[in-house]
Every structure is written in C-alpha cells, then in structure tokens.
Amino acid sequence: MNLTAKSSLAFLLSTALLMNVNSAGADSSQPVTPLLPSSEIAPYIMAADEVEAMQDASTDETNTDVNDQITDATEQTDKIPEDARLPLKDLRLFAEIFNSIRTSYVEDVDDKTLLQNAIRGMLSGLDPHSAYLDSKIFEELQINTSGEFGGLGIEVQMDNGFVRVVTPIDDTPASRAGLKAGDLIMKLDDKPVKGMTLDNAINLMRGEPGSDIVLTVLREGEEQPLEFTLTRDVIKVTSVRHRWLEDGYGYVRISQFQVQTGDDLNKAIGKLQADNQDLKGLVLDLRNNPGGVLQAAVDVVDTFLTNGLVVYTEGRIGSSKSQFHATPKDLINGAPLVVLINGGSASASEIVAGALQDHRRAIIMGTQSFGKGSVQTVIPVDAENGIKLTTARYYTPNGRSIQAQGIEPDITIERAKVETIKPQVQYKEADLAGHLENENGDGKVKEAKEQLAERDYQLSEALNVLKGFNILSANQ
C-alpha cells in the first residue's frame, strides 16, 4: 500500500514514538521531536490505521460496508500523484532497523544522532556534493564563500574511502608545503583516513592557528608515501591577483570564486590599464581554482563579453531552471584573452572557460578541467540546520554539459620543467677589437632575467600565443 509523503512520515514518526516508550532499555526521557505538529500528524496516522483495519476486515466477502469504504479510500489514493507517494513497506523496514540499532548496538546512541546519521547517509548516497549541513558546517559554508576561514587552505573530496586533494588554495599552508592537486591523503597525524567521513577528516585538519598536523600523502609517480608537516593558520583568501608579464601583457589570477570576485576583477583590470593604457593582451589564470559562487563566475564572463548567453541550468523543479546573460561591456575592449585551466579547475572555473570558449572570446589553454557540472542549492531545514542538495546541471552557451567530462582546452599544454641549455662560448661582433659602436646604445649585453618558461611553462606559452595574436594583427 502507498501513502502520501505526509502519511508515510506520520507512520514513521508514530513508530519511533512507540519505540521510545516500549523499547527495552530505552530512555523515555528523550522523546523524538516530530517534524510536523501532532495536530497534523494524528489524522494521517488514523487514516493509515483505518485503511489497514478495513483491509483486514475485507477478507469477509459479506462485509459490503467495509469493502465500500476501501473502494472510497482507494479512489482518494488514486487522486494522489505517483511521485508524491512513499512506500509504507520500506518505511516500516527503516523503523525496524532504527529500533534494532537503538536496542542492540554495543553502545547507547541517542535518537537525534541516529536520525542525523540517517539523513547524512541518505544525502551522501546521492552524489559526492549533496550533504547534510548541521549548524557548525552551515556556518563554515557561509564563512568560506565570504573569503576567510581557519585551516590548511585545501579543497578536498572523498575518493574510494580516502581524501583526495582537489586543489591547494594559493598562499596557504597547503600550497606552501607543496601539496598538489590529485594527492591522496592516507593519514592525518597517526589516524588513518580510510573509513572516515569527509566531515570527520575536515574537522581533524582544522584546529587552532599555529598548531601542526602531519599529512601522509600518496602521490602518482612516487614509490613511497610522502609526509608533509603543515602549520594551521587563519586562511584569508585573496580572490584576485594581478601583475604585468611584459610591457602590454597583463596577468590576472583568480584563486576562488567569492561573492566579490567580479568587482575585484574589474578593479584589477582598472589598475593594469592605469599603469599601461595599451593593453595588448591578458592571461586569465584559473588553474587549481575549485570554483565557488555561481554569480561570481557569471560576473567574470560578463567582464569580457558584450552580449549573449553565459550559462544556463536545468533541473526538475522550476526554480532550478535559469539563464544568465552578458551585459554590454568588455573592459579590455576586445584585446586578446587566454584562459589557463587544469585538472584542479572545477565548477565555476569551468563555467567561465566554457562560456568564453563557446563565444570564441578566448583561447583556452592547459589541460582538461575537473568536470563538476552540477549546481548545489542550500535548503534551510530549520533556523540552524540545512541540506546542500544537487538540484540542477549547468550547460555552456552551446548546450554542452560539463558534468564528468570537463572543458577540453583549445591548445593542450602539460606542466613541464624547462631546462635552459647553455650555449657554447661564441664570439659576437661586440667582442671583436675595434668594432663599430651601435648608434642606438653602447651595445652591452644585459644580464638575462630568469626566463618565464623556467618558472611556469604553461604561462609562458600563453604569453607567446598573445604575442602571436598581436603580430598577426599588425601584419593585416
């Protein structure tokens, strides 16, 4: 028999209430708090009980009155949409398991803990991003999006029972210690990570600023696990940084998408233009950017487009279907743009790269991105708790889903270590005795600065692409 969601919930709660009173060894001083007022629950409990009683009575074929009542109840049930019904049998199974744990588990566990664990399991079984947010986690979520929180400065996710590094955040203990995207954390101090929940692992990594923690990490290409000692700190994430690469070529790094990232990007570009009005090209670095606020990603794309669709989302409910469009502005006035991405670029980073790629506004370089193409909505349950639920997928302007695929760069450039081969001793004109002086200067060769390619090969290639654009434009 199927009942509505309310009546099924009423049955579950009524069963739980009975368990509180009747279970052997149960503490009756800890009543289960109903999710609905008792005045709302009671009618549905009675309705469920009455229908079951009528079904038992209907075995007597002569009881026409009871059969007529069952027919009326069935007709009422048929009016309820299929997707609004919950299976009573499965809810009974849950209640029985709940009672077995309460009465037979080796240690006493209170009802609230069991129910919260059930909620956590229900959400974590959906996908890696849906989760139950208790009051502490909910507060931390708000702090993270504002740009300041305590810990190691590391974005992580669960992977086959271990904690995998999605990306270390710039200028944090994690990045300074040398952790890399893809590292698999095996131990936190002397505690194995295997078997922990992600929340438990995160709680262990957080602590008082100044305290140390040892991370044992398995890294691809290394034969033995690596150990890193990190000192916890208050993490203040600077979302946007900028500098000049060379005269006329600017560089902007976005490490995380926060509420104010769009405004910070506009200010950074304004400062570059104030230093050198002739902006010949810009590199937008989104490598190891784990994402963040969706609206911030839209604002970043809007900085470089004058019109058109930026991103759209599709889900089952009306509120999960939305479209975001660019406004008529391009702060760099059509100057060439290169976007750098890699395997640590996720979510909002992929929205930016995908939109600029579809509009042919930028050249995407680097390696394939992470592939997180889903939207999570924070839904409050009460004044302190909530759930983070995946409610939609997002798509690039051309209708591409990023989920589990990511953004494929226009030009693939792997991370590489470049070693300069020193040339053999060579004589030049300037070394010959009695050579003519250059009328434009003294002809002395300046000491070469550290080559960009040696420090960041991908960035140096992005700069070369921008230079190539300008050479071609000048020749046309």
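Author: Gladly! Let us begin with a term: a residue counts as buried when its relative accessible area is under 20%. Keep in mind that this is a predicted model. Tyr 395 has a relative accessible area of 18%, so it is buried.

Reader: Is Tyr 312 buried or exposed?

Author: Tyr 312 has 19% relative accessibility, so it counts as buried too.

Reader: How many aromatic pairs are there?

Author: The count comes to two. In one of them, Tyr 312 and Tyr 395 are stacked, with 5.2 Å centre to centre and 15 degrees between the planes. Tyr 312 belongs to strand S15 and Tyr 395 to strand S20, so this pair ties together parts that lie 83 residues apart in sequence.

Reader: Which ring has the charged end of Arg 243 over it?

Author: That is the ring of Tyr 251; the charged end of Arg 243 is 4.4 Å from the ring centre.

Reader: Let's turn to cores. What is the general idea?

Author: In soluble globular proteins, nonpolar side chains tend to be buried together. Here, the largest nonpolar core has 41 residues. Among those with the most contacts inside it are Phe 257, Phe 304, Leu 337, Val 339 and Leu 356. Elements giving two or more residues to this core include strand S13 (249–254), helix H9 (261–275), strand S17 (337–341) and helix H11 (348–358). The largest share, six residues, comes from H11.

Reader: Which residues is Leu 356 in contact with, leaving aside its neighbours within four places in sequence?

Author: Leu 356 is in contact with Val 301, Phe 304, Leu 305, Leu 337, Val 339, Arg 361 and Ala 362. Apart from this core lies another, of 18 residues, among them Leu 152, Ile 154, Leu 179 and Val 217.

Reader: And how do I read a helix with a buried face?

Author: An α-helix has 3.6 residues a turn, so residues three or four places apart point the same way. In H9, the buried residues are Thr 261, Gly 262, Leu 265, Ala 268, Ile 269 and Leu 272. Seen down the axis of H9, they fall within an arc of 125 degrees, so they line one face of the helix. On the other side of H9, Asp 263, Lys 267 and Ala 274 are exposed.

Reader: What covers the buried residues of H9?

Author: The cover includes strand S12 (240–246), S13, S14 and H10.

Reader: How does the span of H9 compare with what its 15 residues should give?

Author: At 1.5 Å a residue, H9 should span 21 Å, and its end C-alpha atoms are 21 Å apart, which agrees.

Note on methods
Residues numbered from 1 in each chain as written. Predicted model: local features only at pLDDT ≥ 70, side-chain atom pairs only at ≥ 80, totals over all residues. Heavy atoms only, no water. Core = buried A, V, L, I, M, F, W, Y, C linked by side-chain atoms within 4.5 Å. Buried < 20%, exposed > 50% of the residue type's maximum accessible area, 1.4 Å probe, protein only. Helix = DSSP H or I, 4+ residues; strand = E, 2+ residues; numbered from the N terminus. Contact = heavy atoms within 4.5 Å. Expected span 1.5 Å × (residues − 1). Arc of directions from axis to C-beta. Phe/Tyr/Trp six-rings, centres within 6.5 Å; stacked < 30°, edge-to-face > 60°. Lys NZ or Arg CZ within 6 Å of the ring centre and 35° of its normal.
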